[in-house]
Amino acid sequence: MSVRSVIPPTEPRRKENQFVDKNGHKHHNYTPGKAPYPMSYDRGILDGDATDHHLWSCLFEGRPTMMATPNYPPRRVLDLGCGVGMWSIDAARKWPDATFVGFDLVNVQFPLRYLEPHLARRITWEHGNFLSNKLPFEDDTFDHVHIMHISKGVPEHKWSSLFEEVRRVLQPDGFVEVIEEDIIFPVLPRWFTQPLRAKDPSSSTRVRSSDPSNVALPSPPLTPVEGTPHDHALLEYLFNSVFENRFINMKPTVVVLGYFTPFFSRCLSAPSLNFSVPFLAPLPPLPEVTRPTTQYLGNFDETTTIPDVPSYPNTRPSSSYTRSLSRSSSSLSLPSLDCSYSHSSPTVEEARPSTPSTTGTFTYEATSPMKSQKRRTQSSGTSITHVASWMSPSETPTLDNALLAQSVVPVAALAKLGERTRAMNLYRSFLNVLGCREAMWEELKNLHRSRRTALVELGWENKPWDDKDARKRFDDLFGLFESDMHARVSMWYSMTELGYTFPRREPLLKSEVLEEERIRKAILDARAQAREEDFDVPCRVIRVFIGFKEADGDEVFDDAVTSSRMHL
């Protein structure tokens, strides 16, 4: 049966005037009141979908969903808020007998003409605003609805009507799977950012600008604002204001549950997954020099040169670094939830509760914090089952049933992930800020009229507004944040671990080398001051909600849990 045969005719797609250009960035053409989604549709932002899709493919071990049901695989599927459509395309490959409808606000989906015919004929892209209109489908149309990361565009008072619509289009025995993440501004502590632009006041030399590989050290000056918690506090304030003024709750992993459970007969929620910030990568090697100079962090010697790949000291806290495993009954902290970039495969025993450190070209730890974490976890008696929660309409949100909830936690898959996934999740969190750039600019203009004092306290200059001058200052602040974040993510290190060659940098003058050495020493001195809790800060918090539409009997839900255990 073709998917179009079960979908009633819809209004013509809005292809014209769907988008508007805002300072070179592509945005939808709805007002914030009609569609409050603040992110741009730039290519780099949309590419973040690939990061998320790969992460969940790893966690679900290749399956399109976490939960397996008696009707698995489904036959008619709705991908609500489908984005570029990556999940629908991949699920169509895994479920060859299923038809798919990807529904989103605007037309940014992968063109079906580029897909294999057997996939293209089973996928349809539909467009509309599900916040202001009912879904254009008949009752009981789909046996599965997939929803991922739509919370940045859903005001809190709209969740109930949305889930009501989802329930309406679901068939009896059908289920919906919702994957949502909290909206977080990734904070970089001052001990990390300040040395990046430390400059010798007695020298007029400046380290030259970075190239596209983002391996050079950023050097723009910044005067810390007294009383602000970090260098980018003003941007954080603008970012938070974007969502607050759109009535979007920034902690959907907490609030969505209350709107979700009334509309489904049984609900299952896995614990929240807390993706902590990555450990510090080593500094990139200095470029080759043609003349002898001071060895990196060594004594002056006329015969020594800058090494191509220097050896770096330990950049991790030597003590155990995760304490949040037992913080809450509704969250699961992942001290080493990282991507499978490790050059060596861990044994089953080594992989729990966290993976061993990677080995490769750059070795930067003298001791393994993984072992100390393992010892502490065993001695404290903490286990994953203690933080799992089972939730249904007949139970309170705080009621624990660890045995059942653990059945949908992909514990084995979590243990297999490699270390650099931490960096990729930080980068994904950074993209959320980058995508809100123009919305933050609009907030700055509005707040300058209504809350100028708050802006000044966070470092904004207190002078009459001039659009051109204000935009330049705003772009400078954003450029500094991007530069700092690239240094923190250290994408070059992930690439070298994957086997790519480190990009060559242009040679530096001797004075530039000495200046960069001084900055690097300041960075390492600052890193020595890093505290254990600095690496226990989540840059992403994600949670899965699963709901079933009532059937003639209740046995379908019990069978689903049993089936899920078999798959996990």
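I took buried as under 20% relative accessible area, exposed as over 50% and partly exposed as in between, with a 1.4 Å probe and protein chains only.

I remind myself that this is a predicted model, in which local features need pLDDT of at least 70 and side-chain atom pairs count only at pLDDT 80 or more, while totals for chains, interfaces and linings use all residues. Residues are numbered from 1 along each chain as its sequence is written, and side-chain values use heavy atoms, with hydrogens and water left out.

Next I looked up Leu-238, and, leaving aside neighbours within four places in sequence, I found Leu-238 in contact (heavy atoms within 4.5 Å) with Met-440, Glu-443, Leu-444, Leu-447, Leu-455 and Phe-474.

I then turned to the helix pair. Helix α14 (residues 437-450) and helix α16 (residues 467-489) pack at an angle of about 135°, and their axes lie 11 Å apart. Angles under 35 degrees count as roughly parallel, over 145 as roughly antiparallel, 65 to 115 as roughly perpendicular and the rest as oblique, and α14 and α16 are therefore oblique to each other. For their contact I listed Arg-437, Glu-438, Met-440, Trp-441, Leu-444 and Lys-445 of α14, and Asp-467, Ala-470, Arg-471, Phe-474, Asp-475, Phe-478 and Glu-482 of α16.

In helix α9 (residues 252-260) I found Pro-252, Thr-253, Val-255, Val-256, Leu-257 and Phe-260 buried. What covers these buried residues of α9 includes α6 (159-169), β7 (170-181), β8 (266-269), β9 (272-276) and β11 (538-548).

Not counting residues up to four places away in sequence, Phe-110 touches Val-84, Ile-89, Leu-115 and Trp-125; the C-alpha atoms of Phe-110 and Val-84, 26 residues apart along the chain, are separated by 5.7 Å.

For the whole protein, I noted that 53% of the 568 residues count as buried.

Methods:
Axes fitted to C-alpha atoms, helices over the stretch in contact; angles between N-to-C directions. Helix = DSSP H or I, 4+ residues; strand = E, 2+ residues; numbered from the N terminus.
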